[in-house]
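Me: I would like to go through a structure with you, step by step. Could you take my questions as they come?

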Amino acid sequence: MDKERKCAWCGETMLPKVDRKKSDFGDIVERKCSKCGKVVAVYLESEGEFLPKMRSY
């Protein structure tokens, strides 16, 4: 479950929208700001959930 985060682009507190896509490298997870629509994080799903462990300011 995602927690609310502050968007680095617009500065608003939001729950990111999560999209999953396929690529030649594997399944990609893309998180976008639900307020401004800009990309907050993109990573391979096989790498695991590292976003909750990252420090946010």
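Predicted model: local features only at pLDDT ≥ 70, side-chain atom pairs only at ≥ 80, totals over all residues.

Me: What does the secondary structure of the chain come to?

Reply: The chain has 0 helices and 5 strands. Read from the N terminus, the order of elements is β-β-β-β-β.

Me: How do β4 and β5 pair?

Reply: Strand β4, residues 26–32, and strand β5, residues 39–44, pair in the antiparallel sense, with 5 bridges.

Me: Which residue forms a salt bridge with R20?

Reply: R20 forms a salt bridge with E45, and their closest N and O atoms are 3.0 Å apart. R20 belongs to strand β3 (residues 17–23) while E45 lies in the segment after β5, so the pair ties together parts that are 25 residues apart in sequence.

Me: What about K21, which residue does its side chain meet?

Reply: The side chain of K21 meets that of E30 in a salt bridge, at 3.3 Å from N to O. K21 is partly exposed, with a relative accessible area of 42%. E30 has a relative accessible area of 11% and counts as buried, because buried means under 20%.

Me: Which residues are linked with K21 in a network?

Reply: Salt bridges link K21, E30 and K32 in a network.

Me: And D27, where does its side chain find a salt bridge?

Reply: The side chain of D27 meets that of K22, with 3.1 Å from N to O. D27 is partly exposed at 31% relative accessibility, whereas K22 is exposed at 70%.

Me: Back to the whole chain: what share of it counts as buried?

Reply: Of its 57 residues, 19% count as buried. The chain exposes about 4500 Å², and carbon and sulfur atoms supply 51% of that area.

Me: Last one: what share of the contacts joins residues at least 24 apart?

Reply: Among contacts between residues at least 6 apart in sequence, 18% join residues at least 24 apart.

Methods: Residues numbered from 1 in each chain as written. Heavy atoms only, no water. Pairing = 2+ DSSP bridges. Helix = DSSP H or I, 4+ residues; strand = E, 2+ residues; numbered from the N terminus. Buried < 20%, exposed > 50% of the residue type's maximum accessible area, 1.4 Å probe, protein only. Contact = heavy atoms within 4.5 Å. Areas by Shrake-Rupley, 256 points an atom, 1.4 Å probe, with all protein chains shown as cover. Salt bridge = Lys/Arg side-chain N within 4 Å of Asp/Glu carboxyl O.
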